[in-house]
Amino acid sequence: MKLSVSLLAPTFLFSLLVLAAPGLPRSSGLTPRAFVSGTWGLVQEGTTGVSAQQMVIVSETKAIIFDKVERNPLMVNGHAAWAAEIDLPSRTVRPLNPITNTWCATGSFLGNGTFINSGGNPMVGAGANGLQGLRMFNPCDDGTCDIMENTRRIRLTSNRWYPSSARLEDGSVMILGGSVSGGFINGAGVNNPTYEFFPPKNINGFNGLRIPSQFMVDTLNGNHFPNMHVLPDGRIFVSANQQAMILDWKTNTETRLPGIPNGVRISSPFSAGAVLLPLTPANNFTPEIMICGGSTVSDRVNPSTLSSQTPASDQCARLVLTTAGIAAGWKVERMPQTRIFVELVLLPDGRVLLVNGARTGVAGYGNVGDQIGQSNADNPTLTPVVYDPNAPAGQRFSSDGIPASTIPRMYHSTSSLTPNGTILVAGSNPNDDFSTAKYPTEYRMEFFSPPYMFRPRPTYTGLPATVNFGTSFTLNVVLPSTATSVVVNIIDLGFATHGVHMDQRLVQLQATLSPDRRSLRVTAPANGRIYPPGPAFVYVVTNEGVPSFGHKTIIGTGASPPVNQAAINNMLANTSGPAAVAKAQAVPSPTSGEGSHVASEVIPAPEQPTA
Ligand SMILES: [Cu+2]
């Protein structure tokens, strides 16, 4: 009989930890490789009412989702909604009412816990022009909060369709790239190869205006939704198309890195998933990036010559971002199947779930020669794969015990870890508008439950509402009887869209369990470069790999990011609001699909009445 590693490893490590534990202070400096094996749960329950193109967990009980303006069944203010709040315990939804079209926007939290959604799409139907949209949301528990927009005063410098964003060490957000108008793919005629900050900064001589990025020129055409990860030195890892770099935003310096191996393109419409692997005391908070999936097809041909049947890439590539790691280059592994727009979701036990996506084709809809319905992709990957970054090479991927879904999660689907440890999957809509064709507009929610959900769970109380850098706090814990030690993992659950998870991050904290196992002394991250100030979900994880519920706190002081009024004034004085939108002039120019059916007149932006 052959025992699989996933069965063997936890028992083996568990016994090591038990042997090591007696008589020693139960420090959590080690990264546990233990995890719970067994059968996963999968339930389909609840519907989202708007298609979940973008998903973000905003509190212990709420998620919000954004869609594009389309004929969704959920109504608000007499029109079809394109945003909604999900109540996770009851799996019900409440419509939200943004002013502008959130189609292919990005999202990040500020350091004070306010969520911002930025960029978007021109006017469609009831939705005003969102290309320069900047929408704010303060989470609430009482069903009264909504998206706040003031399109004349709070907006981006410039049009951004398919941008990315990242929360920085000062609690502000950087927004990078995108197109000035939409289409299947970026191109020189529509590129916005710049970045900006919210709130605007006077930095590098640009005083609130957008700052050029040569990387976003050099990575044309396939560079929509570049992957961004804030590194423990404060710089930002950025990858797009076949290239990677580190951006020092304080000096506007780009340091190029080895390109993505084997010619794989990794950003939309050749969307891979990317993740910053857990930062732990055991790895000395050394950053390592993993990028999975993508495609090797050309980004220069007319998309009608591409096929929904072309296999995507099965490559996962890892790069350690130290001098030695960069010199050693990308390490390539192979997933059990090829995947396009795969989601990489960090689990509380330090593993990564690969979920959603398709085996063949590319992102988007209405473009390739042999569309399925309107989908540019086919052959959905219905069974998730879990990846253990600490297992020996060759033994890291497993679908043992994971049920297959019956619901394809194609383009415009999303996934996120939730506070209680389940993984929420929603969305899929490779269509211009609501459609029942294959592949339809999908509203059904699914929840995957890893085997740890069925074990006795640790619980804790005493988490402060804010936890400042370098400070310590004590949790009162109740551990399962078999647990001998714990670690504390704080997770930024991130913002999911198009296979990209903005800001997703797992940082393991220094923590010491009292001899009676009832209190846990925890030390916050050292600074905002290890964990940018803002929301975190705190999971106490046993040596057997069983996490607690992830209660929410704010890392840092909870203060608003720095506001430079002169930079704001300069931005407003020297940029205009949403301008006339030309049809995409990218080469090749899309004549159908995403971006081909939008209003192109100048749209006066409505001002939201002030309360
Ligand atoms: Cu999109």
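Tutor: Strand β14 pairs with strand β15 (residues 211-212) in the antiparallel sense, over 2 bridges. Strands here are DSSP E runs of at least two residues, helices are H or I runs of at least four, and both are numbered from the N terminus. Two strands pair if DSSP finds at least two bridges between them. Within this pairing, Y195 has I211 of β15 as its bridge partner.

Some ground rules come next. This is a predicted model: local features need pLDDT of at least 70, side-chain atom pairs count only at pLDDT 80 or more, and totals for chains, interfaces and linings use all residues. Residues are numbered from 1 along each chain as its sequence is written.

Back to β14. Strand β13 (residues 173-176) is also joined to β14, by 4 bridges, and the two run antiparallel. There I175 has E196 of β14 as its bridge partner. So what covers the strand itself? Buried means 20 or more other C-beta atoms within 10 Å of the residue's own, exposed means 12 or fewer, partly exposed lies in between, and C-beta atoms are placed from the backbone. In a regular strand the side chains alternate between the two faces of the sheet. In β14, T194, E196 and F198 point one way. Y195 and F197 point the other way. Both sets are buried.

The end of β14 deserves a check. F198 is linked to P199 by a cis peptide bond, with omega near -5°. P199 sits in the loop between β14 and β15. Another residue to look at is P200. P200 and A566 are 366 residues apart in sequence, yet their C-alpha atoms are 9.1 Å apart in space. A566 belongs to helix α4 (residues 565-574). A566 counts as exposed because 11 other C-beta atoms lie within 10 Å.

Other backbone details can be checked the same way. K438 and Y439 are joined by a cis peptide bond, with omega about -10°. Y439 lies in the loop between β31 (423-427) and β32 (444-449). N241 is not a glycine, yet its phi is positive, about 50°. It is found in the loop between β17 (236-240) and β18 (243-248). N241 counts as buried because 26 other C-beta atoms lie within 10 Å. N379 also has a positive phi without being a glycine, here about 60°. N379 lies in a strand, β27 (residues 375-380). With 20 other C-beta atoms within 10 Å, N379 is therefore buried.

Now the wider setting. The protein has 4 helices and 42 strands. Of its 611 residues, 59% count as buried. Among contacts with a separation of 6 or more, 65% join residues 24 or more positions apart. A contact means two C-beta atoms, placed from the backbone, within 7 Å.

The largest nonpolar core has 158 residues. Such a core is a set of buried Ala, Val, Leu, Ile, Met, Phe, Trp, Tyr and Cys residues joined through C-beta atoms within 7 Å. Strand β41 (residues 534-542) gives the most to this core, with 6 residues. The core draws at least three residues from each of domain 1 (25-36 + 456-555) and domain 2 (41-453). Those bounds come from an automatic or database domain assignment.

E288 stands opposite V320 in β22.

Last, confidence. The average pLDDT is 91, and 89% of the residues score at least 70. pLDDT is the predictor's confidence in each residue, from 0 to 100. Residues 1-32 stay under 50, and the model gives them 52 contacts beyond four places in sequence. Residues 600-611 are also below 50, with 26 contacts beyond near neighbours in sequence. Where pLDDT is low, the predicted coordinates should not be read in detail.
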